[in-house]
Amino acid sequence: MKILVNKIRSLTEQSAGTWGIVLEDLDRGAKWISNGDELFYAASVIKVPIMVAVFSAVERGEISLTDELILKEDDFVGGSGVLQHLTPGTSLSICDIVMLMIIQSDNTATNILIDLVGVEHIVQTMKEAGMEKSTFYNKLMMNNPRPKGYNQITANDIGKLLKLMATGKLASEEASKQMIAIMKKQQIKDCLPEKLPSPYSNFNDGMTPWELAHKTGWIPGTRHDVGIFYVGQRKLLATVLSKEEDDLLSKQILAEIGEEIYNYLQESSIDI
């Protein structure tokens, strides 16, 4: 893993911004942390612990993924997502709302789920997952001039959450599998997976098939991508957070980091 770390360091050294990175090779036990406890504005990465809180409520029997919720005009907020463009009165299952929150980063879906499970339960879910420094206070895209605090994350905290998910220990083993399956359907692919071989490629040319269960987050000056790489039989957790950087450069660096991780995982002889 030493070679991979050096390559990623050389990429982030091009940046004037701050990067928080945790990489963990789940097969070989190697781990690298850079600025692991640095706080970053969470942006849409906060949607991962919100999803976990929903699945935890399902495990406790409080709700079911098949329960249906009715869209109300008051629910609609701007930014990413399609629900804001649908007709009020439309009925969707909780499962579908979670899917849209993750794979299209739908802000309306997110706020509906926050109202469903409650801020306190989301905060408790984060604590139970070992997210010691991260904070959650606010719904998304709301005009709140005096917030109690901000939605913040650290690379270490997200790394803990992803490891619990990858090892089947988040909410339950079945819930962890379901959450990973949702994250593998991600539609926003312009960061870590941007430079990876097309998933529709013919992989007979020596490239290894891959999947990435991940979630991005972006506001101007802040860009993240976090997830679980599956390359052949190999697995690696990647949490890559950035702030105070040009948006195009941060996207380029994230794409190159994703490419280096893929190359590392497909080369079985790499030095760890």
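Student: How many of the 11 residues of helix 4 (residues 107–117) are buried?

Tutor: This is a predicted model, in which local features need pLDDT of at least 70 and side-chain atom pairs count only at pLDDT 80 or more, whereas totals for chains, interfaces and linings use all residues. Residues are numbered from 1 along each chain as its sequence is written, and side-chain values use heavy atoms, with hydrogens and water left out. Helices (H or I, at least four residues) and strands (E, at least two) are DSSP runs numbered from the N terminus, and buried means under 20% relative accessible area, with exposed over 50% and partly exposed in between (1.4 Å probe, protein chains only). Helix 4 is mostly covered, and the number of its 11 residues that are buried is 9.

Student: Which elements do the buried residues of helix 4 pack against?

Tutor: The buried set includes Asn-107, Ile-112, Leu-113, Ile-114 and Val-117. With contact taken as heavy atoms within 4.5 Å, these buried residues pack against helix 2 (47–59), strand 4 (68–70), helix 3 (94–103) and helix 5.

Student: Which residue caps the N-terminal end of helix 4?

Tutor: At the other end, just after helix 4, Gly-118 takes a positive phi of about 95°. A polar contact is a pair of N or O atoms within 3.5 Å; within protein, one must be able to donate a hydrogen and the other to accept it, and residues adjacent in sequence count only if both atoms are side-chain atoms. At the N-terminal end, a side-chain oxygen lies 3.0 Å from the backbone nitrogen of Thr-108, and the residue that supplies this oxygen is Asp-106.

Student: Which residue's backbone oxygen does the side chain of Asn-138 reach?

Tutor: Asn-138 belongs to the loop between helix 5 (119–128) and strand 6 (152–153), and at 16% relative accessibility it counts as buried. Not counting residues up to four places away in sequence, Asn-138 touches Ile-114, Asn-144, Pro-147, Gly-149, Tyr-150 and Asn-151. At 2.7 Å, the side chain of Asn-138 reaches the backbone oxygen of Gly-149.

Student: Why is helix 6 described as largely enclosed by the rest of the structure, and how many of its 12 residues are buried?

Tutor: The buried residues of helix 6 include Ile-158, Leu-161, Leu-162 and Met-165, and the helix is followed by Gly-168, whose phi is positive, near 75°. Helix 6 counts as largely enclosed because, of its 12 residues, the number buried is 9.

Student: How many bridges join strand 8 and strand 9?

Tutor: Two strands pair if DSSP finds at least two bridges between them, and strand 7 and strand 8 do so in the antiparallel sense over 10 bridges. In that hairpin, which has 2 residues between the strands, Gly-221 takes a positive phi near 90°, while in the hairpin of strand 8 and strand 9, also with 2 residues between the strands, Gly-232 takes a positive phi near 60°. Ala-213 stands opposite Ile-228 in strand 8, and Asp-225 has Val-240 of strand 9 as its bridge partner. Strand 8 and strand 9 pair in the antiparallel sense, and the number of bridges is 10.

Student: What relative accessibility does Val-226 have?

Tutor: Val-226 is a residue of strand 8, a strand that is largely enclosed because 10 of its 10 residues are buried. Leaving aside neighbours within four places in sequence, the contacts of Val-226 include Val-45, Ile-158, Leu-162, Met-183, Leu-192 and Ala-238. Val-226 therefore counts as buried, with a relative accessibility of 1%.

Student: Over the ring of which residue does the charged end of Lys-243 sit?

Tutor: Lys-243 is found in strand 9 and, at 16% relative accessibility, counts as buried. Its contacts beyond four places in sequence include Gly-17, Glu-38, Phe-40 and Gly-221. A charge sits over a ring if NZ of Lys or CZ of Arg is within 6 Å of the ring centre and within 35 degrees of the ring normal, as with Lys-184 and Tyr-230 at 4.3 Å. For Lys-243, at 4.9 Å from the centre, the ring is that of Phe-40.

Student: How far apart are the end C-alpha atoms of helix 8 (residues 247–266)?

Tutor: Asp-246 caps the N-terminal end of helix 8, with a side-chain oxygen 3.1 Å from the backbone nitrogen of Leu-248. The cover over the buried residues of helix 8 includes helix 1 (2–12), strand 7 (210–219) and strand 8 (222–231). The expected span of a helix is 1.5 Å times one less than its number of residues. The 20 residues of helix 8 should therefore span 28 Å, which agrees with an end-to-end C-alpha distance of 29 Å.
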